[in-house]
Protein chains: 2
Amino acid sequence: MADDRKLTPRAEDFSAWYNELVLRAELADHSPVRGSMVIRPWGYGIWENMQRALDDMFKATGHENAYFPLLIPMSFIEREKEHVEGFKPELAVVTHAGGKELEEPLVIRPTSETVIYSMFAKWVQSYRDLPILMNQWANVMRWELRTRLFLRTSEFLWQEGHTAHASEPEAEEETRRMLEVYRQFMQDWIAMPVVTGLKSESEKFAGALRTYTCEAMMQDGKALQAGTSHNLGQNFSKQFELTFQNEEGVEAFAWNTSWGVSTRLVGGLVMTHGDDDGLVLPPRLAPVQVVVVPIFRKEEERTAVVERAHQIRSRLQEAGVRVRVDDRDHLNPGAKFWEWERKGVPLRIEIGPRDLAKNQVVLVRRVTPEGEDRKAFLDENEALASIPGRLEEFQRYLLERAVEAREARSYRGVTSIEELQERVDAPGGGFVYTGWSGDPEVERRIQETTKATLRCIPDPAFRSESPPERCIGGDAPSKMEVVWAKAY
Amino acid sequence: MADDRKLTPRAEDFSAWYNELVLRAELADHSPVRGSMVIRPWGYGIWENMQRALDDMFKATGHENAYFPLLIPMSFIEREKEHVEGFKPELAVVTHAGGKELEEPLVIRPTSETVIYSMFAKWVQSYRDLPILMNQWANVMRWELRTRLFLRTSEFLWQEGHTAHASEPEAEEETRRMLEVYRQFMQDWIAMPVVTGLKSESEKFAGALRTYTCEAMMQDGKALQAGTSHNLGQNFSKQFELTFQNEEGVEAFAWNTSWGVSTRLVGGLVMTHGDDDGLVLPPRLAPVQVVVVPIFRKEEERTAVVERAHQIRSRLQEAGVRVRVDDRDHLNPGAKFWEWERKGVPLRIEIGPRDLAKNQVVLVRRVTPEGEDRKAFLDENEALASIPGRLEEFQRYLLERAVEAREARSYRGVTSIEELQERVDAPGGGFVYTGWSGDPEVERRIQETTKATLRCIPDPAFRSESPPERCIGGDAPSKMEVVWAKAY
């Protein structure tokens, strides 16, 4: 039974709004196991659409799917020094199995570099076996004390790409290629614009040479790290003896990359597009793009109206639209409207006896640009023919709106830590671009005093026209421009 | 690097043949964690095709996907008495997480009835919330001492459907519906005929009222339980307080079903169709349906031949065929032929300079009906146009061949345990149909003496024309016909 109380408005308490929306739009629910969530069909349907799109993009760039074990020997995790430091505090450990205590504890994968590169080592002999370009769709476990549905849970679903290459430049190229795949997916499918760039040493993946990231801005002005791509160098190949004979016949260590996005993206989608009425779905990811609600008072009206609703469904399905008829008898139309708005369906078609007589439908958009009417009375044939175009337009509008919202809260020309703090503490927060000397001490100080973190050293496309000359931390010259924000 | 030694012939050692084939066709590999396997891209590609087909069938019958937690509190597993007896010996237990000992141990799901029905209980209030028809694609863990790739591993991938209904007949109808979905999938996609029927009390799922099964016959005459569908009655709803208000306003317990198939099906496919040269793939599940091998000696021939090979690829892709060009330079054509035959690709197109000149191709089938040539020289255009039809024919042939093989080793009219034993012990084993009084003591005795188990009480479609009148165990009248076989 859907919970149809009004949501706490975003402006009042963004965090409460988010939690309520996720539960009431039936995206996910809390489970009996602390820190683990249940992804309900509506949320899972979004994730399936994300998976399908990403999977196609991975395959188009030459990657193949495989599956590696859930359990990893503790000794594997311990081999790469930075890796174990990063992940050990979050491990879930299996100590007993089959009624006996295990000789060596096994950990539930927090990520799979170690076990995957140990297998690559078995499969690779010569440069001819390279590159290996693999991906797996899997669940992973990182024990969390403070959890939030989709954003931070002990178990989550993700994909992890893992590759091995014969040279450093090839690995770097792959790392960047997959970052770009992520950026495009987030832009074109989630309608969520991101700033891409390099992580600082303190923020990079435990075990990586370099980490690249996609940083999205949520409606509360906080950053969401939406996906990362790591150049792992030879850190893991050296620990797992992943070597190959190169073209000169010399034994060499391979170069690895790994990259991942997770169900966290569903949380990002919610916080990018949702409003006080509930979820707003980008049509390309919506499990249902159009809902058809038949409206009638008397039983004799019912048959004709419901029949027409299903005709509309067939016609739209033939045009490749994902459509559902809501012909439940125990709910009135108003309750149905609320439910599908809360669930974020982009377009609604209402059809009643009078519409039937006039061959017209009522078309309602979930959101509209300022000044436009949500509701339109349209000739049925014209309306149906226009749906695919309207969905594209809806998708485009969500992206434009998100880009505008981000740009409105991107601050450049900030030159002191005090000013940075004011910016990120103000309602609506935001991304603050400043100069940086590269001194980790400055980064540490800013994080401590402002709670903002260095999100990334942005790629050229996202840099200021006239980059800052001084480091935000004091008198040193700036070596690079960086972006600061409070983050999820 | 592919291992191209010849396989041990099936007739010599079926089990060695299977293990070698799985490794050398690069379907899967042993992992560093005892009992867990790595599914390599070729094997995973088959599984992905199985998933896609099954998922479509589940959705067409009204089911939605969702995702439930990997970890289940030990106390949940313990609630249903038969359930815990069945699964406790196989559990993997997490005792520590986040650096601390857990207050209550968590088990890695061996199956998810308990946690799923605890969630259903939260979501269901009224008969209007029923039925719930859900499915999840997930990994599960059942600790095994003796493991075999795909057939029996501690971790495996599967889908588990879980439903809740307002009445017993509806639950029974769902249980049977999904059994039929499985049967059709196995027949139409894996080209693996199965006998469907009811499990005896001793073989049913731990916690079920009734278990239905799909039993396939492997080439060594042993049975493979390929999928099961359970009517769970109210066993779980009573333990997890899954109640609803019925139409009369009375609180009632819901009726559940669950049903699953796993990566074990890949093992079933191998043992149904493989031969001494390697794997044989049903075209509908083959990651690659047609491989194109360009053949050339001199560099000046290479360009034209490889170009034509890619033209052929494009044309076949446009016709919806999954095709790959093997243009690797470091392997000779013979090595490529062996590799793709070992991997089971249904059709191979060879093209050399002379074929080019004559607008012809060489088309080779992986297997052919007795007496037909494997190899044909065909006009290129005609050959390409015929490929989709040839793939269908290949699919049909595999099913026919498998049905014939099964029928040839299905024995009816067996009336004594001694005769049953002779049958199942003979080379090639088989399915033995006999009468049964329903006495569990007879079942126990046969299992002990012959190592054959009661596979199922077959559905009407699979029963003998004149069913046996006496129970195999002695003088009692037969109450039902049953099928015995040694099994995986």
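In the predicted model, chain A is divided into domain 1 (14–273), domain 2 (288–397) and domain 3 (410–485). The C-alpha centres of domain 1 and domain 3 of chain A are 27 Å apart, and 16 residues of domain 1 of chain A contact 16 residues of domain 3 of chain A. On the domain 1 side of this contact in chain A, strand 9 (194–198) and strand 10 (210–217) each contribute at least two residues. Strand 9 of chain A provides the largest share, four residues. By class, this side of domain 1 of chain A comprises four nonpolar, six polar and six charged residues.

An open sheet of five strands in chain A has the order 16-15-17-18-19 and mixed pairing. Its edges are strand 16 (323–325) and strand 19 (375–379) of chain A, each of which pairs on one side only. Neighbouring strands of the sheet are turned against each other by 25 degrees on average, direction ignored. Strand 15 (residues 290–294) of chain A pairs with strand 16 of chain A in the parallel sense over three bridges, and A:Val291 stands opposite A:Arg324 of strand 16.

Two helices of chain A are described against this sheet. Helix 9 (residues 299–318) of chain A lies across strand 15, strand 16 and strand 17 (347–351), running at about 165 degrees to strand 15 of chain A. Helix 12 (residues 380–408) of chain A packs on the sheet and touches strand 15, strand 17, strand 18 (360–365) and strand 19. The direction of helix 12 makes about 135 degrees with that of strand 19 of chain A.

The largest nonpolar core has 286 residues. Those with the most contacts inside this core are A:Val292, A:Val432, A:Trp484, B:Val292, B:Val432 and B:Trp484. Not counting residues up to four places away in sequence, the residues touched by B:Trp484 include B:Leu420, B:Val432, B:Ile446 and B:Leu454.

Note on methods:
Residues numbered from 1 in each chain as written. Chains lettered and ligands numbered in written order. Predicted model: local features only at pLDDT ≥ 70, side-chain atom pairs only at ≥ 80, totals over all residues. Pairing = 2+ DSSP bridges. Axes fitted to C-alpha atoms, helices over the stretch in contact; angles between N-to-C directions. Contact = placed C-beta atoms within 7 Å. Core = buried A, V, L, I, M, F, W, Y, C linked by C-beta atoms within 7 Å. Buried ≥ 20, exposed ≤ 12 C-beta atoms within 10 Å, placed from the backbone. Domains from an automatic or database assignment. Nonpolar A, V, L, I, M, F, W, Y, C, P; charged D, E, K, R; others polar.
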